[in-house]
Amino acid sequence: MPDTSVEAPRQHPTSPTVMPLAASVTIVVALSVRILLLPGESGDYLTFLEPWYWHISAFGKFHALADPSFSDYNVPYLYLLAALTYLPLPALVGIKCVSILFDLALAYYTFRIVSLLRPARPWAALGASAGVLFLPTIVTNSGWWGQCDAIYAAFLVGGLYHALRHRPWWVCTFFGIALAFKFQAVFLFPLLLVLVLTGRVPWRSLFAVPAVYLALDIPALALGADPVRLLTIYAQQADTYHGLALFGPSIYQFVSVPGDTDAVRSAGVLVAGTLVSLLVGLVVWSLRRGRRGAPAAAPGGPALTDTRIVLLATSCAIVVPFLLPSMHERYFYVADVLSVVAAFRLPRQLWYLPVLVQLASFGSYLKCVSPGLSPYLSMPAHSALMLLALIVVLRATSQELRRGPQVPAVPGQSISARHPTEPART
């Protein structure tokens with residue numbers, strides 16, 4: 001159901017040309033910043049991305065994907081690399097441009113989500129999308145690093161937008177595409193489970209996730225790729241790194257284990273899975289049972305409002321990578337984005353959440369990409385900041401789940417037609 005806790009509509013006599021002009025200027029400046037970073041060649045580009053590009057180019061472009069064993073990425077991203085080989089662009093520029101395009105997609109869906117959450121304040125949506133475009137981690141990831149985290153994140157945030165619009169099949173389709181690009185998409189799958197268990201997303205819609213994932217493998221299979229390898233690519237990735245902490249600001253920055261860490265890693269995955277499952281169960285129980293202060297289940301389903309969905313998504317994006325071992329610094333990418341969305345939904349409560357997440361996340365980036373700064377950076381300190389951000393968002397989510405009963409809104413009902421005593425949310 002649409003969120004019933006929205007602010008009262010206000011009239012903003014803004015010229016119809018001002019908003020498009022401001023959006024255009026924002027995009028131009030964001031692209032200009034990234035263009036300045038284009039010449040930079042990161043270690044990941046030189047070690048992985050560039051060799052993959054030239055392998056594809058040398059072995060028949062798309063036909064090279066008949067044997068994708070030269071890469072440890074799933075084939076959807078390799079399709080993009082293969083397409084780049086047909087364009088008159090240097091490898092470095094083409095690879096970074098792909099990621100930059102998805103930066104814009106991230107900003108677009110951020111704009112659409114905040115427009116839904118705060119329809120009376122159109123400038124808030126533009127501010128949120130600009131905030132995402134200029135986050136240091138987002139700029140660095142695509143403009144300098146050449147990484148592709150913007151791709152799977154754009155589909156996850158797009159899936160969140162469709163969840164707010166009550167489009168369950170699109171939700172699962174977008175989540176399936178995100179998973180096909182990167183396994184880190186699973187960080188938001190606990191939210192999908194909550195949506196299913198509370199009836200917001202029908203069970204049958206889940207078939208779209210594996211269907212899309214498998215459909216994206218079909219071109220590679222048609223070229224002769226090994227189906228077993230395509231289906232086990234993420235299992236192979238998981239066995240690549242064995243350290244407990246890989247520059248990610250996770251709980252394992254506080255843990256030191258001498259010798260073989262495999263047993264601790266396995267136990268850590270089990271503990272993280274158990275804790276996340278318990279949190280999902282607690283959320284669903286709170287919504288269904290109508291605990292003290294929580295709204296009871298209505299005929300249309302539990303009161304899983306838009307605000308709660310955003311807060312739960314943000315919580316998942318921080319909780320899951322924080323609890324898991326072997327996390328890279330880039331694995332908080334979705335948390336970087338959703339912390340901005342959550343802050344614009346509840347600015348008085350969460351204005352500082354993106355600051356905490358960014359200090360932890362970008363600090364970890366610097367630890368990895370700037371060896372000269374490494375002696376002055378502390379990974380336990382970055383993890384402590386991320387832990388503080390986690391506490392903040394969990395507290396806000398808990399408070400939102402305990403809020404008093406609200407009058408459920410009818411889908412399509414105008415904001416002005418809702419209960420007159422609803423509090424304004426700012």
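Guide: In helix H1, the buried residues are Met19, Thr26, Ala30 and Arg34. They span an arc of only 65° around the axis, which places them on the same side of H1. The arc is taken from the directions running from the helix axis to the C-beta atoms. This is a predicted model, where local features need pLDDT of at least 70, side-chain atom pairs count only at pLDDT 80 or more, and totals for chains, interfaces and linings use all residues. Residues are numbered from 1 along each chain as its sequence is written, and side-chain values use heavy atoms, leaving out hydrogens and water.

Visitor: Why is Tyr234 called buried?

Guide: Buried means under 20% relative accessible area, exposed over 50% and partly exposed in between, with a 1.4 Å probe and protein chains only. Tyr234 has 10%, so Tyr234 is buried. Phe183 has 37%, so Phe183 is partly exposed.

Visitor: What makes the pair of Phe183 and Tyr234 tilted?

Guide: Rings of Phe, Tyr and Trp (its six-membered ring) pair if their centres lie within 6.5 Å; planes under 30 degrees apart count as stacked, over 60 as edge-to-face and the rest as tilted. By this rule there are 19 aromatic pairs. The centres of Phe183 and Tyr234 are 5.1 Å apart and their planes are at 35°, so the pair is tilted.

Visitor: How do you know that Lys61 sits over the ring of Tyr86?

Guide: The rule asks for NZ of Lys or CZ of Arg within 6 Å of the ring centre and within 35 degrees of the ring normal. The charged end of Lys61 is 5.2 Å from the centre of the Tyr86 ring and sits over that ring.

How values were computed:
Helix = DSSP H or I, 4+ residues; strand = E, 2+ residues; numbered from the N terminus.
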